[in-house]
Amino acid sequence: LKIAAAAMAARCRLATSFHHVHGANVQLDASRMRATRVESFANGLCFSQEPLAPGQIFLVEIEEKEKGWCGHLRVGLTAHDPRSLEVVPEYSLPDLVNLGDTWVFAITRSHNRVALDGGEEAPARAQCPPWEPFLLIEQVRLPRDALVGRSRPGRYSHILDELYRANVLPATARRSRIGVLYALQPDGTADMHIVINGQDMGPSARRLPTARPLYAVVDVFASTKSVRIIPVEYGLPSLQTLCRLVIQKHIIHRLAIDGLDLPPPLKSFCKHE
């Protein structure tokens with residue numbers, strides 16, 4: 001019961017942030033919610049500030065892309081406390097993975113699923129219909145709307161809400177949303193799942209040990225220039241979210257938020273879905 005309560009408490013936290021330990025080319029904003037690779041194509045490794053609880057998703061949105069590089073965002077989990085790393089590896093693949101107890105996958109337009117014991121690829125999971133409000137992964141229930149990345153139709157987005165909701169992006173596109181979590185198994189191990197724009201890709205890695213805390217890994221690699229953490233609310237909406245809903249309801253378009261007499265962090269929160 002104590003473990004379940006701790007897991008639920010962790011999952012109900014509105015958001016986490018990036019760890020202060022990160023790759024040499026990463027720059028974090030003041031809130032540590034946005035990570036930008038400021039030069040080159042590597043040394044973009046980031047970690048979650050705290051270990052994830054079972055079923056807690058670490059969700060990021062691709063904010064900026066950079067032309068001229070081959071490769072995309074990489075995400076996963078590691079049992080290494082970032083503070084224990086003598087040097088942050090240049091790459092998640094293969095450098096961090098080669099340290100052991102790390103599971104990372106490159107995000108592409110398709111996605112690799114873990115092989116079964118016989119060597120065959122695990123079958124794709126049946127997806128919930130897109131109109132279902134929650135995504136179910138094993139025993140985990142996630143609010144689908146927060147998970148889905150969509151392009152923004154412009155200034156008068158309130159006129160185009162239906163188009164906005166239907167406009168789901170490719171995995172590697174700007175404003176695409178990528179999340180990682182792990183689900184506990186009856187034998188005490190865990191399966192890692194990657195969620196791309198509201199779709200569960202199935203187990204990406206199986207039998208992860210759970211004796212040590214597991215941190216999220218986000219590698220801002222190559223054509224991915226900048227990512228932002230997306231808060232996911234599992235229960236009742238927070239006061240911050242309720243304020244955002246009221247503000248958005250009484251403005252003509254999102255650009256008007258800049259002219260409101262509000263603290264900059266609240267302005268930023270109100271401009272994002």
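The questions and answers below concern a predicted model of one chain.

Residues are numbered from 1 along each chain as its sequence is written. Local features need pLDDT of at least 70, side-chain atom pairs count only at pLDDT 80 or more, totals for chains, interfaces and linings use all residues, and side-chain values use heavy atoms, with hydrogens and water left out.

Reader: How many helices and strands are there in the chain?
Author: Both are DSSP runs numbered from the N terminus: helices are H or I of at least four residues, strands are E of at least two. By that count the chain has 6 helices and 13 strands.

Reader: What percentage of the residues count as buried?
Author: Buried means under 20% relative accessible area, exposed over 50%, and partly exposed in between, with a 1.4 Å probe and protein chains only. For the 273 residues of the chain, the buried share is 48%.

Reader: Is strand 12 mostly covered or mostly open?
Author: Strand 12 spans residues 215–219. Tyr215, Val217 and Asp219 point one way, Ala216 and Val218 point the other way, and all are buried. In a regular strand the side chains alternate between the two faces of the sheet. With 5 of its 5 residues buried, strand 12 is mostly covered.

Reader: In what order do the 4 strands of the open sheet stand?
Author: Two strands pair if DSSP finds at least two bridges between them. Strand 3 (residues 45–47) pairs with strand 12 over 3 bridges, and strand 5 (residues 74–78) joins strand 12 through 5 bridges. Strand 5 also pairs with strand 6 over 5 bridges. The pairing is antiparallel and the order is 3-12-5-6.

Reader: Which residue of strand 6 is the bridge partner of Gly76?
Author: Gly76 stands opposite Val217 in strand 12. In strand 6, its bridge partner is Val104.
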